[in-house]
Amino acid sequence: MVGDEQSGLGEYLRHHRSEMTPRVRPGASPLSHRRVPGLRRQELADVAGISVEYYTRLEQGRASRPSREILTALARAFQLSNAERDHLFRLADERPPQPRAPAAEIRPGLQQLLDGLDDTMPVTIHDGRLDMLAFNVAAANLFGPVFDDGPYGRNIVYQAFTSAGLRELLGNEGAEQLSRVSAAELRKALSLYPEDERLGSLFRELSTSSPEFSRHWDRGEIGTWRSAMKRVNHPTRGRLAFDSEMLHDPETDHWVMLFTPRRA
């Protein structure tokens, strides 16, 4: 670790230690008189389960490169968010830990956005596994039974290669576009969550049962298409066109897809 990184790490640790509230011990006054705010080094070291001597060297930039175990213990002691934890790892010249899974629940703010756009535009939310988590009334009216559960729930990749109703809704060109994107998205999901049993099972299932999936998989593409134009063959409203835009919440690995109607 170079000098600038060492000082940056030490400054980061000192800042977060100064922001922490000391625990009140039984029988002690909560109005303890301290010369500096936050926890003392000994208190922080105790919470992290490391020696105060080593922690002091880290703050002073005199310690050798801390291990991933030490960094994980510090992140837990400081109760860092995922973004703060990742920054701590980068300051220590370490690759941030890969998430084991996307968040299971949608943030209240995203749910409010979803509900608030019921009368304006269709909105869906899926996670980094491509599992559909939620959709508003406008999206349900647009896509209808496409969102029905299957063997892999509401997984977009599985639906893209198995749902006859989806091909009817999107047409041949739209279904081909979705299949290509889905294969690329699954490759990205497998790289992000390599130990995910469900994703691995989905890949094996599609590899053995869907020649179309194998054709797209052999392209070797990976990534996310943030913007696209989509046409929908609605059974009662006829031919519709939308500009779709995807927004990412990296803290939870949730994706918000907005469908803006195109004006004639």
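In this predicted model, strand 3 and strand 4 form a hairpin, with three residues between them. The two strands run antiparallel and pair over eight bridges. Within this pairing, Met 229 stands opposite Asp 243 of strand 4. Strand 3 spans residues 227-234 and strand 4 spans 238-249.

A second hairpin is formed by strand 1 and strand 2, with four residues between them. Strand 2 covers residues 132-135 and pairs with strand 1 in the antiparallel sense, over three bridges. His 126 has Met 132 of strand 2 as its bridge partner. Strand 1 also pairs with strand 5, again in the antiparallel sense, over five bridges. Here Val 123 stands opposite Leu 258 of strand 5.

Strand 1 is largely enclosed by the rest of the structure, because five of its five residues are buried. In a regular strand, side chains alternate between the two faces of the sheet. In strand 1, Val 123, Ile 125 and Asp 127 point one way, while Thr 124 and His 126 point the other way. Residues on both sides are buried.

Most residues other than glycine have a negative phi. Leu 130, in the loop between strand 1 and strand 2, has a positive phi near 70 degrees. Leu 130 counts as buried, because its relative accessibility of 6% falls under the 20% cut-off. Asp 253 occupies the loop between strand 4 and strand 5. Its phi is also positive, near 55 degrees. Asp 253 is buried too, with a relative accessible area of 9%.

A positive phi also follows helix 4. Gln 79, which comes after this helix, has a phi near 55 degrees. Helix 4 itself comprises residues 68-78. Its buried residues are Ile 70, Leu 71, Ala 73, Leu 74, Ala 75, Ala 77 and Phe 78. An α-helix has 3.6 residues a turn, so residues three or four places apart point the same way.

Phe 78 is also one of the contacts of Arg 17. Arg 17 belongs to helix 1, which covers residues 3-19. Despite its charged class, Arg 17 counts as buried, at 13% relative accessibility. Its side chain makes a polar contact of 2.7 Å with the side chain of Glu 59. Beyond its neighbours within four places in sequence, Arg 17 also touches Gly 38, Leu 39, Arg 40, Arg 41, Leu 44 and Tyr 55.

The largest pocket has a volume of about 510 Å³. It is lined by 27 residues, of which Ile 156, Leu 178, Lys 230, Met 257 and Phe 259 are the closest to its centre. Strand 1, strand 3, strand 4 and strand 5 each supply at least two residues, as do helix 8 (156-162) and helix 9 (164-192). Helix 9 gives the most, with eight residues. By class, the lining of the largest pocket holds 15 nonpolar, seven polar and five charged residues.

The second largest pocket has a volume of about 410 Å³. Of its 21 lining residues, the closest to the centre are Asp 86, Pro 99, Tyr 193, Pro 250 and Asp 253. Helix 5 provides the largest share, five residues. The lining of the second largest pocket divides into 11 nonpolar, four polar and six charged residues.

Asp 115 and Pro 250 are 135 residues apart in sequence. Their C-alpha atoms are 21 Å apart in space. Asp 115 is partly exposed, with a relative accessible area of 41%.

Terms used. Residues are numbered from 1 along each chain as its sequence is written. This is a predicted model: local features need pLDDT of at least 70, side-chain atom pairs count only at pLDDT 80 or more; totals for chains, interfaces and linings use all residues. Side-chain values use heavy atoms; hydrogens and water are left out. Buried means under 20% relative accessible area, exposed over 50%, partly exposed in between (1.4 Å probe, protein chains only). A polar contact is a pair of N or O atoms within 3.5 Å; within protein, one must be able to donate a hydrogen and the other to accept it, and residues adjacent in sequence count only if both atoms are side-chain atoms. Contact means heavy atoms within 4.5 Å. On a 1 Å grid over the protein atoms alone, a cavity is a set of points where a 1.4 Å probe fits but cannot get out, and a pocket is an open set with protein on both sides within 12 Å along at least five of seven lines; lining residues have an atom within 4 Å of a point. Grid points are joined across faces, edges and corners, and a volume is the space filled by probe spheres set on the points. Two strands pair if DSSP finds at least two bridges between them.
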